[in-house]
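Hi,

Here is the structure for you to look through. Please open it first, then read the notes below it.

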Amino acid sequence: MTAQGEGADRAEPDTGSPTAGTVPTPAVESMVVLDHVVCGYGSTAVLHDVSLSLGSGFHVLIGPNGSGKTTLFRCVAGILLPSKGSVTTRAGRNIGYAMHRSAFSSKMTLMDNLRYWSILFGSGDQTRIVESLRFVDLEDRAHQKVGQLSRGLVQRLAVARALLTDAEVLLLDEPLSGVDPSAVEKLLVLFQKLGDSGKCVVVSTHELAELNEMSGDVIVLQNGTIVGQGTPGELLAKTAGDHPIRWRIAGGAGLREAIQALGLTLTGGSVADNVAEFYVKDDAQAGEVNRELTDQGVSVRSSSAVVDDLTRLYRLLEDKKAS
Ligand code: ADP
């Protein structure tokens, strides 16, 4: 079995079993287990005591630039060895790893690029190449040159490349960056489909707006430490304390001042357009604010929660880091 990585120095991974009882028992069978992993470059540790257990499905790894997402992928893919702890994958070393910049020749066709990688991975299986292209819906473009593809399509080709060995674990580093919103939507559907097919798909990103609608597993990495794992809602409930909902009201003159007079802190909105954003405990508290505004004669045009869970989560983490 082979791990797929490009360019970096390769080393045999430590595939020792995790120590019993040190990693929380997951509900589904683990496909990737990191047990108290310390990993980095030379004597500099980037990941500090990371324990993580992932089953099949679509997982998103979020964290600011430099938080260690790529290092974590390299460690799982066996490109970097942990200096402490262990990494175990059910797939052994058959891991599909699509790096941030996937190495494709822009002058060669999609088919030829995949054939090149397939041979490099030791197979060259034409049926598998065609199946991989079909899975990412690029079969019709098989004979186009990669240089003619948009960034979103190149990312889909990178997924096809990661599928060449039918890897059970797919690590996709920043596949959404620089991709336009409609292509992001298609990629998310593709990742979900791969997760539903029984693979463990881990996608890293620092661009969150597109992920707000996802309800799956999110892992939050910060300064090389996992600071949260769960659905966006669960993570927010843990991180945001007792005022988890961002609320936006658009109304008439005096709106922002009236909300502040109620003891709420404005966190956004627009002075010119009389729009206010603030955090509330729950819908009931937002309802009370609306009533107060009406009582004070301030008109309300619209009043609703802002669905930006992951962006909010990110900001909370940044605030924590800064404080
Ligand atoms: P992310 O993917 O979250 O942006 P990385 O894993 O790329 O984070 O980087 C985490 C830290 O490791 C950063 O401080 C970065 O400078 C450092 N780093 C990344 N690659 C190397 C390398 N090849 N040699 C030394 N340090 C590195």
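**What I found**

The protein chain has nine helices and 13 strands. Helices (H or I, at least four residues) and strands (E, at least two) are DSSP runs, numbered from the N terminus. This is a predicted model, in which local features need pLDDT of at least 70 and side-chain atom pairs count only at pLDDT 80 or more, while totals for chains, interfaces and linings use all residues. Residues are numbered from 1 along each chain as its sequence is written, and side-chain values use heavy atoms, with hydrogens and water left out.

**The chain as a whole**

The protein chain has 323 residues, and 49% of them are buried. Buried means under 20% relative accessible area, exposed means over 50%, and partly exposed lies in between (1.4 Å probe, protein chains only). The accessible surface of the chain is about 14900 Å². Carbon and sulfur atoms hold 50% of that surface. Areas come from the Shrake-Rupley method with a 1.4 Å probe; for residues, only the protein chains shown count as cover.

Now the contacts (heavy atoms within 4.5 Å). Take those between residues at least 6 apart in sequence: 72% of them join residues at least 24 apart.

**Around the ligand**

Which residues surround the ligand? They are Tyr41, Val46, Pro64, Asn65, Gly66, Ser67, Gly68, Lys69, Thr70, Thr71 and Arg74. By type, the shell has three nonpolar, six polar and two charged residues. Here Ala, Val, Leu, Ile, Met, Phe, Trp, Tyr, Cys and Pro count as nonpolar, Asp, Glu, Lys and Arg as charged, and the others, Gly among them, as polar.

Look next at the oxygen atoms of the ligand. One is 2.7 Å from a polar backbone atom of glycine 66. A backbone N or O atom of serine 67 lies 3.2 Å from a ligand oxygen. In threonine 70, a side-chain N or O atom is 2.8 Å from an oxygen of the ligand. Taken alone, the ligand exposes 560 Å², and the protein buries 56% of that.

**Salt bridges**

How many salt bridges does the structure hold? There are nine. A salt bridge is a side-chain nitrogen of Lys or Arg within 4 Å of a carboxyl oxygen of Asp or Glu.

Start with arginine 90 and glutamate 29. Their side chains meet in a salt bridge at 2.8 Å, N to O. Arginine 90 is in the loop between β4 (84-89) and β5 (95-98), and glutamate 29 is in the segment before β1 (32-41), so the pair ties together parts 61 residues apart in sequence. Arginine 90 is partly exposed, at 40% relative accessibility. Glutamate 29 is exposed, at 54%.

Next, go to helix α2 (residues 110-120). Arginine 115 and aspartate 112 both lie there, three residues apart, about one turn of the helix. Their closest N and O atoms are 2.8 Å apart in a salt bridge. Arginine 115 is partly exposed at 31%, and aspartate 112 is partly exposed at 32%.

Last, helix α3 (residues 126-135) holds arginine 128 and glutamate 131, three residues apart, about one turn of the helix. This salt bridge has its closest N and O atoms 3.2 Å apart. Salt bridges that share partners join Arg128, Glu131, Asp166 and Lys199 into one network. Glutamate 131 is partly exposed, with a relative accessible area of 37%.

Best wishes

How values were computed. Near = heavy atom within 4 Å. Polar contact = N/O pair within 3.5 Å; in protein donor to acceptor, adjacent residues only side chain to side chain.
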